[in-house]
Amino acid sequence: MNSTRLPGKVLSEINGIPLLEYLINRLFTIYNKNEIIVATSAHSPDDFIEEFCVIHKLNCYRGSLNNVAKRMLNAANYYEADAFVRINGDSPLIDPKVIEKEI
């Protein structure tokens with residue numbers, strides 16, 4: 001949410017749908033809801049992302065604002081993941097088949 005060029009971009013709407021929702025819907029084609037973790041910061045502007053997750057019944061982890069690698073690792077450990085793939089929330093057009101192939 002703290003983007004300097006476009007604040008709030010991850011929840012910016014296109015045709016009434018937030019970018020994050022487009023991404024989540026694409027990920028649902030290869031993952032079930034329990035396998036998706038939205039890892040955001042504990043910074044107060046990211047409360048909106050946590051609210052989005054609560055509304056959509058998604059796993060949400062809050063961690064470091066500046067150390068994204070640590071946040072991802074802590075989220076994976078918290079949810080006891082065997083492995084994880086980092087996908088930026090502002091990448092709504094990523095092809096799930098490419099992700100699946102890379103895995």
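**View 1**
The structure holds zero disulfides, a disulfide being a pair of cysteine sulfur atoms within 2.5 Å. This is a predicted model: local features need pLDDT of at least 70, side-chain atom pairs count only at pLDDT 80 or more, and totals for chains, interfaces and linings use all residues. Residues are numbered from 1 along each chain as its sequence is written, and side-chain values use heavy atoms, with hydrogens and water left out. The sulfur of C53 lies 4.0 Å from the closest cysteine sulfur, that of C60, which is too far for a bond. For C60, the closest cysteine sulfur is in turn that of C53. C53 is buried at 1% relative accessibility. Buried means under 20% relative accessible area, exposed over 50%, and partly exposed in between (1.4 Å probe, protein chains only).

**View 2. Confidence along the chain.**
pLDDT is the predictor's confidence in each residue, from 0 to 100. The protein has a mean pLDDT of 93. Of its residues, 100% reach 70 or more. Among the elements, β4 has the highest mean, 98. The lowest, 89, belongs to α4. Helices (H or I, at least four residues) and strands (E, at least two) are DSSP runs, numbered from the N terminus.

**View 3. Helix α1 and its buried side.**
Helix α1 spans residues 19–27. Its residues L19, L20, L23, I24 and L27 are buried. They cover an arc of only 135 degrees around the axis, which puts them on the same side of α1. The arc is that of the directions from the helix axis to the C-beta atoms.

**View 4. L20 and V38 in the nonpolar core.**
A nonpolar core is a set of buried Ala, Val, Leu, Ile, Met, Phe, Trp, Tyr and Cys residues joined through side-chain atoms within 4.5 Å. The largest such core has 14 residues, and L20 and V38 touch the most other members. The elements giving two or more residues to this core are α1 and α2. Helix α1 supplies the largest share, four residues. L20 sits in helix α1 and is buried at 4% relative accessibility. Contact means heavy atoms within 4.5 Å. Leaving aside neighbours within four places in sequence, L20 is in contact with V10, L11, V38, I49, F52 and G89. By the same rule, V38 is in contact with L20, I24, I49, C53, L58, N59, C60 and Y61. L20 and N88 are 68 residues apart in sequence, yet their C-alpha atoms are 9.1 Å apart in space.

**View 5. Helix α3, buried on one side and exposed on the other.**
Helix α3 covers residues 68–78, with R71, M72, A75 and A76 buried. Their arc around the axis is only 130 degrees, which puts them on the same side of α3. A69, N77 and Y78 are exposed on the other side. Just after α3, E80 takes a positive phi of about 55 degrees.

**View 6**
The whole structure contains two aromatic pairs. Rings of Phe, Tyr and Trp (its six-membered ring) pair if their centres lie within 6.5 Å; planes under 30 degrees apart count as stacked, over 60 as edge-to-face and the rest as tilted. The ring centres of Y61 and Y78 are 5.8 Å apart and the planes stand at 50 degrees, so this pair is tilted. The pair links distant parts of the chain, with Y61 in strand β4 and Y78 in helix α3, 17 residues apart. Y61 is buried, with a relative accessible area of 15%. Y78 is exposed at 56% relative accessibility. The rings of Y78 and Y79 have centres 4.9 Å apart and planes at 80 degrees, so that pair is edge-to-face. Y79 is partly exposed, at 28% relative accessibility. Y61, Y78 and Y79 form one aromatic cluster.

**View 7. N15 in the loop between β1 and β2.**
N15 lies in the loop between β1 and β2. It is exposed at 73% relative accessibility. N15 and I94 are 79 residues apart along the chain, and their C-alpha atoms are separated by 18 Å.
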